[in-house]
Amino acid sequence: MSDQQPPLPGNDPPPPKEEPQPAEPNPPSTETRSRSNVRLKRSKEDLSSPSKAGNRSGPASRAQSKISVKSTHSSRQDVTRTLSVSAAPAAVSDAAAADPAAGAAGATGTPPHDGGGGDDAAAKTHAPYEMPAPGPAVAPGNSTLDIPAAGILPLFLTSMTQELFKVKTGEDITAERPVKIIPKADLLADVQARLAISDFQPAKAQIMEYPGDELLLFFDSEYKYGQNFFLCISPSAVDAILRPPTAPTATEEQLKKSKRPEPKEWVSLGSDLEMLEESVQNTRDLIHLKVSRKRKEFGVSINFSDKSAADVGVLECKSFKDPAYELNKMELSTTVQAVSNFVTRSVQTTWNRPVNFSSQYEPLSMESGEQLRLLRTDDMIEFVKDVSQRFEQALRQNIVIDIFEDDFKALGDEDANIEQASHTYLQEYQSFTDLKHSKDKSISCIDWHPTQKGVVAVSCVGRFTLDERIEIGFPVRSKSSLILIWSFHDPIHPQLILEAPEDINTFQFNPSDPNLIAGGCISGQIFLWDISEHQERLRTTRKAAAAAAAAHGDNASGGIEEKQAEANIPVVKHVAASSTEFSHRALVSDLQWMPGSYLIGHNGEATENPEGSSSRQLVTCSLDGQVSFWDIRSKKDYKQLDLMWKPFLRVPLSSMDNTFDYGLLKVALKLPGMEKDVPAEPVTPSSREKTAEKGEKEPLVPSKFYVATEEGDLLYTDWILEKATEDKASRVEHALSWHFGPISDLQRSPFLPDILLSVGGWSFHIWKEKNFACPLLSSPTATSYLISGRWSPTRPGVFYISKADGTIEIWDLVDQSHQPTTIQNVSSIGISCMSVHQYKGGGAQQFLGAADDEGTLHVLEVPRNLAKEGKNEV
C-alpha cells in the first residue's frame, strides 16, 4: 500500500493519485480502524528585531513553515513525511533581490534542506492544530457548512496580493479547493511592509489578536459574504470548515435491533367473507358442446377463394364511417394526491425605514398699495418690455399648434378620414324580440341602463287607433302592458318584465339610482318601479347564462326548456302610481328625470340640492297641453306615494291668442349637467350687470325651454310666469311653424346646448336658441315620413334620422350638409323610435338601438369613424 497522504487544503501541487491495492484478506473492524493525525507546526521568526524594524523598505526575511504529517496504521509501520511550505511576504526584500536563486526557491515553495532541526523547536513553542484526514467534511466547495458569521472577516484581495500569497483564483485556488492556510507572521509582515495599501490592513487588529500561529483563508466564489475571500479570525470558524460535525455511525447493538421483523400468521377478521360475496360463482349448470369431425377429413388440404355475398346468399356488411358515432369514456373513480416539494430558501431584501416628512409654508401676501407701487417701478416696466415679445410669440405658437395633444391617441385619424365614405355603415350587433310579449306590438320607447353594460329596456304598446280602443274598451285594459328589460347575454328571453295596467308610452331609468324606473302611460298616470331585488339577475354574464342553459340540457324537448325559461322570468309590479285626479288628462308623450344637482321649487325657482347629486324630480309633458313637475321626496317609502302622488308644479301651454290648447309631444329643458359632458353655462359679468340694472336676481337654472307640439309648432316658453305677464293669455313667447306635420322628436346637442334638432313631417331642422328668424339648417323634403332623430354622443356634427320606410339616414355635417352621408335599410317596416348610447372607458363601443312597429329591437354597432371625434370638429 502506498504511503501517499491526501494533500492538505491550501497546498498547490496536487499529489499523484493512489494506485489501487488488492483487498486485504482480513480488513480491520470499525472500532479498530486507524485514523490519520495531522499535526501542523510552524516556526515563527522574530519580526520585531531592531535591524528589521528600523528599515521599512529593507530586506524582509521569508518565513517558512513546515508541516509534519504522521500517518499511523494498525497493520503497517509508521511513515513520517515532512513538507516545508514557504509563504512569500508582501514586499520583496533587498536580500531576495540580491539572491535570485533563493527568491525563486521561496516562490515555488521548494523546502530547503535544513535537517529539520528548526521544525521540532517550532512545534514546541507553538500550539499546532490537530487536523483530521481530508474527507467529505473538508470537501472544498461544501456550501452546507455552518460557518459562524461572527468568526469571519470578508476581504477583497487584488491580483497582486493573490500572486504574492499564491492564492490566485482559477489557478492556485478554485471553487473546488477554496481553503488556504497562511502563517500569521507572513500576514503581519505584509501589513508592516505595505502599510495602507495592504489588503490585510483592515484585519490587522484581528490578525494580531488571533491565538494561533496560522490563519485560514477561504475563497468565496459566490460572494456570499460580499467579497471574494474571507479570513477566519476565530478558532470556531476554522473548526466549522476543517472539522464539521459528522453523522454518528450505527453501533452493533443498533444494527441488531433493526432486524427485519418476522411475518406473523394471518388472522381473518371478516374480509374473506366480503371477497367471497363479491366473487362471481356459477349458479346454473354449464353448457357442454361436442365438436366432431370425420376421420377421413383429418389432414385434408383446404382451398380458399373469393366469392360475392350475393352468390352465396348472405348479406354483406361493409364497414363505413358513422357520422353520429360518439365515443363515451367510462367514468372511473380515481384519486390523485400531489405533494409539492419543500424547499428551504432565504431572501434578504433592503428595508427602507419610513420617515415622516412635513413641509410648511405661507403664501406671500401684499397690500394693494404695495402692489401698485411695485408695478409702477422702473424695474417692473423694463421686465415687462423684455418678456412681452417672448410671451406674444409663445401665445401665437399655442394658437397654431396644440402642445397638449396626444399624438398616439390621434394616430391614424387622417387615414380614417380618407376612407370615411367606405366605413360609415352600421353593423347589426344583436336583435331582440319576444313572440309572446312583443310580437305584433309597436315599441314606443328605448332606454339604456346607466351603469350596467349590455342592458336595454323597451316599452311595448298595442297598435290600436282611438276608435278601436273605444270600441274594445276594457278587454284591452285586461291585457297587461309591459316593459321588457333585455340583456346582451340572452337574446331570446327578457331578464325582467315590468307590468302596468295601461300601455307605457315613455319611461326612463333614474340616472343616479338605476333601480328606479319612471314611466308615463296612455291614460295620463305616472308609474314608478323598483328593481333593486333583481340586480343580480341583470349582472349575469354570458358564461353564467351558458351554464344555466346547460343545466336544463337534460330535458326531453326544446319546448319544455322554453316553458321553464318563461316561468323563471320575474314580473315586477309598480310600487307607486300617480293620483288619477291630479294626473294628465291624456297620453304622457315625454318623461325626463331632472339632474340631481338642482331642485325646482313650487314657485318654479331652482335651488341647489342639499342631498348632493341624487335625482329625485322629473318632468313630463302630455297631449293635454301641460308640462308637470313631480317629486318623489314627499314620502319616505315609495309605496306611500301610491294613488297619492301629484305634481307640485303645472305649466299649461295654450296658443298665443288663447283659442286652443297645444298637444305637447317632446320637451327640451336647458339644465346644467343634464346633457352629457357639458358643464354649466357660466354667467358672464355683462349679463350680471344687465340683470343688476333691471333689479332682478340671476337664476341658477334658466327657466325657458322648447316644446314640440302635435300641430307642428316649436314653442319657446317659460315655466315661471312673470308678474308683468300674469294677465296675458298664454305663456308661449314664440311659436315657430316650419314643420308640415307633428314634431315627433326634439333633442338638444350634447356638446352645444343652444343647438336643437327637431324632426317631424317630411323634414328636420337645426335651430339655435333665441334665433327665431329661421333655422340654421333645413333638410330637403323627404319621400318618406320622418319619425325620430338623435345626436351622436361623441361627435358634434353627426346625427341619425329614422324614417317610416325602415331606413336610417346618417348625417355628417363635417363631410357634407346638403345630403346624408349614408342611407341604410334596417327594417322592412317603419322605425318607431331610436336611441344612441356610448359606454365609458377607452376603446368602448357605441351602439344605436332602433325599434320597429313589429316589436323587434335592432342593436346596431356604430363604426369607429362615426364614433371618434375628429380634429377641430366642435
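I began with S29 and strand S30 (residues 755-760), which run antiparallel and are joined by 5 bridges; strands here are DSSP runs of E of at least two residues, helices are runs of H or I of at least four, and both are numbered from the N terminus. Two strands count as paired if DSSP finds at least two bridges between them. The model is predicted, and local features need pLDDT of at least 70, side-chain atom pairs count only at pLDDT 80 or more, and totals for chains, interfaces and linings use all residues. Residues are numbered from 1 along each chain as its sequence is written, and side-chain values use heavy atoms, with hydrogens and water left out.

Strand S31 (residues 763-768) is joined to S32 by 2 bridges, and I noted Ser778 in S32 as the bridge partner of His765.

I also checked another open sheet, in which 4 strands pair antiparallel in the order S19-S22-S23-S24. Its edges are strand S19 (588-593) and strand S24 (649-652), each with a single partner strand, so one side of each lacks a neighbour in the sheet. Between S19 and strand S22 (residues 617-622), which run antiparallel, I found 5 bridges, and Leu591 stands opposite Thr620 in S22.

Last, I looked up Asp386 and placed it in helix H13 (residues 378-400).
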